[in-house]
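Here is a short briefing on a single protein model. Please read it beside the sequence and the coordinates.

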Amino acid sequence: MALTASGELGPCPPPTSCAKVHALGSGRGLRVTISIGELSRRSGVRIPTIRYYEQNRLISAPARTEGQQRRYTEEDVVRLSFVRQARELGLEVDAIRELLELGTGHSGSPEEAARLALRHRDETDRRIALLTALRSELGRLAAEYGRGRLHGGRLLEVLAQPDIADVIRRGIRTPFPG
């Protein structure tokens with residue numbers, strides 16, 4: 001059964017519909033839910049990754065139908081979209097979990113929440129500084145390459161150095177051949 005436009009329960013959309021929408025009881029009335037495929041489409045996260053995030057408690061275990069199909073809510077779409085964007089920004093799973101707890105008010109005392117927020121702010125500032133330095137270094141390398149001062153794979157060679165972050169952070173220039 002699915003909610004109709006008038007808010008009443010009616011038959012589910014036909015199987016060819018891209019979103020099979022169901023209503024599950026939640027103790028507070030009915031909530032419209034979506035399939036894992038629809039969650040994937042709407043959040044931009046692949047299905048195996050959604051399952052991984054469930055296992056790592058970044059999203060809650062979903063409700064299930066009698067046939068054991070996962071059913072997600074609009075809140076899950078928002079949360080999963082946040083997780084995807086945080087991962088794209090390079091945040092680790094543990095950091096994302098902490099930020100989610102901070103955002104939902106489940107991070108302990110106000111003092112603990114403030115410390116957590118400041119720690120993540122400082123880490124974000126560090127990443128921004130490093131990415132800004134990396135951007136400058138890439139521009140410099142591209143200019144050197146454009147002037148014919150780099151050969152073939154030199155750009156990758158320079159960026160693949162294990163200590164490139166330290167080199168960039170300190171502003172030390174990598175020596176280039178003649």
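Predicted model: local features only at pLDDT ≥ 70, side-chain atom pairs only at ≥ 80, totals over all residues.

**Helix α5 and the overall layout**

Residues are numbered from 1 along each chain as its sequence is written, and side-chain values use heavy atoms, with hydrogens and water left out.

**Overall make-up**

- The protein has 7 helices and 6 strands. Helices (H or I, at least four residues) and strands (E, at least two) are DSSP runs, numbered from the N terminus.
- From the N terminus, the order of elements is β-β-β-β-α-α-β-β-α-α-α-α-α.
- Of the 178 residues, 30% count as buried.
- Take the contacts (heavy atoms within 4.5 Å) between residues at least 6 apart in sequence: 41% of them join residues at least 24 apart.

- Helix α5 covers residues 110–146, which is 37 residues. At 1.5 Å a residue it should span 54 Å, and its end C-alpha atoms are 53 Å apart, which agrees. The expected span is 1.5 Å times one less than the number of residues.
- Gly148 follows α5 and has a positive phi, near 75°.
- His120 lies in helix α5. Its relative accessible area is 10%, so His120 is buried.
- Leaving out residues up to four places away in sequence, His120 touches Ala95, Glu98 and Leu99.
- His120 and Ile96 are 24 residues apart in sequence; their C-alpha atoms are 9.8 Å apart in space.

- The axes of α1 (residues 36–43) and α3 (residues 74–88) come within 9 Å and cross at roughly 50°. That makes α1 oblique to α3. Axes are lines fitted to C-alpha atoms, for helices over the stretch in contact, and angles run from 0 to 180 degrees between N-to-C directions. Angles under 35 degrees count as roughly parallel, over 145 as roughly antiparallel, 65 to 115 as roughly perpendicular and the rest as oblique.
- The crossing of α1 and α3 is right-handed. Right-handed means the near helix is turned clockwise from the far one by less than a right angle, and left-handed means anticlockwise.
- From α1, Leu39, Arg42 and Ser43 meet Glu74, Asp76, Val77, Leu80, Ser81 and Arg84 of α3.
- The axes of α3 and α4 (residues 93–104) come within 10 Å and cross at roughly 140°. That makes α3 oblique to α4.
- The crossing of α3 and α4 is also right-handed. Arg79, Phe82, Val83, Ala86 and Arg87 of α3 make the contact with Val93, Ile96, Leu99, Leu100 and Thr104 of α4.

**Positive phi in loops**

- Most residues other than glycine have a negative phi.
- Arg57 is not a glycine, yet its phi is positive, about 60°. Arg57 sits in the loop between α2 (47–55) and β5 (63–64). At 58% relative accessibility, Arg57 counts as exposed.
- Gln68, a residue other than glycine, has a positive phi near 70°. Gln68 sits in the loop between β5 and β6 (70–71).

Key:
Buried < 20%, exposed > 50% of the residue type's maximum accessible area, 1.4 Å probe, protein only.
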